[in-house]
Amino acid sequence: MENTKMKIRVTFLENILGTNPNNKEIFSDYISSKAPDAKTRDEEVEEFGADEVRDKQTTVFNRTADGKPFFYDYHVKGFFKDTCGALRQVKGTECSNMKAYKKLIDGLIFVFPRKIVFNDVAPEEITLCERPLRASTPQGERVALACSESIPAGKTIEFEIALLKPELKDWAVEMLNYGIYRGFGQWRNAGCGRFVWEELDAEGNVIGGNYHEYMD
């Protein structure tokens, strides 16, 4: 089967936030929260302490067996779907011509390896990012605090993209270029996880991307 492979190095321009729930029993806890006698947030804090309640509700990075943070391949495919959905609204883009784009991404674009490990992130560099979340509800405006693990700007990840139709490369390039505006991870609307990228050959030489356009 003819296909095109792209080796990609992503450099993050802003801090990037973890997406994985730290609470391993999040579903059962959600069901329990609907019970008539469920504790309120204030009652939980009073009983368990603020730190424990915060830790349970913090989103974190997946970790390898030796403790290195990583993304799964499906995070990249999720970025592609989110990006194509936005760029379909822009006339003249590759994405605006794509029909059933989610099926195309699922069936014709594949990301390797399964676990995309961050390069050179020391444990002490992973901090916490707390921010308010505002929502309009039938009961009025609500504000809650969200907390996520954060990896600082400047860190990199590397992965490969296999395109089962070579003509999809222009589409992939357009979607990767969109990372300068909206990137990976939590709180993307605030600019977290924005990135630039480079395409590398088999020897690791840069042969494409937008890194130097924004970083030189």
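In strand β6 (residues 69-72), F70 is the bridge partner of N62. Strands and helices here are DSSP runs, numbered from the N terminus: strands are E runs of at least two residues, helices H or I runs of at least four. This is a predicted model, in which local features need pLDDT of at least 70, side-chain atom pairs count only at pLDDT 80 or more, and totals for chains, interfaces and linings use all residues. Residues are numbered from 1 along each chain as its sequence is written, and side-chain values use heavy atoms, with hydrogens and water left out.

**Strand β6 and its partners**
- β6 pairs with strand β5 (residues 62-63) in the antiparallel sense, over two bridges. Two strands pair if DSSP finds at least two bridges between them.
- β5 and β6 form a hairpin with five residues between them. In the turn, G67 has a positive phi of about 90 degrees.
- β6 also pairs with strand β8 (residues 115-117), antiparallel and over three bridges. There, F70 has V117 as its bridge partner.
- In a regular strand, side chains alternate between the two faces of the sheet.
- Both faces of β6 are covered. P69 and F71 are buried on one side, F70 and Y72 on the other. Buried means under 20% relative accessible area, exposed over 50% and partly exposed in between (1.4 Å probe, protein chains only).

**Aromatic rings**
- The count comes to 14 aromatic pairs. Rings of Phe, Tyr and Trp (its six-membered ring) pair if their centres lie within 6.5 Å; planes under 30 degrees apart count as stacked, over 60 as edge-to-face and the rest as tilted.
- F71 and F184 have ring centres 5.7 Å apart and planes at 25 degrees, so this pair is stacked.
- The pair links distant parts of the chain: F184 lies in the loop between α6 (169-177) and β12 (195-200), 113 residues from F71. Both F71 and F184 are buried.
- One aromatic cluster is formed by F12, F61, F71, F79, F80, F118, F184 and F195.

**Helices α4 and α6**
- The axes of α4 (residues 73-87) and α6 come within 9 Å and cross at roughly 90 degrees. Axes are lines fitted to C-alpha atoms, for helices over the stretch in contact, and angles run from 0 to 180 degrees between N-to-C directions.
- F79, F80, T83, C84 and L87 of α4 make the contact with W171, E174, M175 and L176 of α6. Contact means heavy atoms within 4.5 Å.

**E198**
- E198 is found in strand β12. At 5% relative accessibility, E198 counts as buried.
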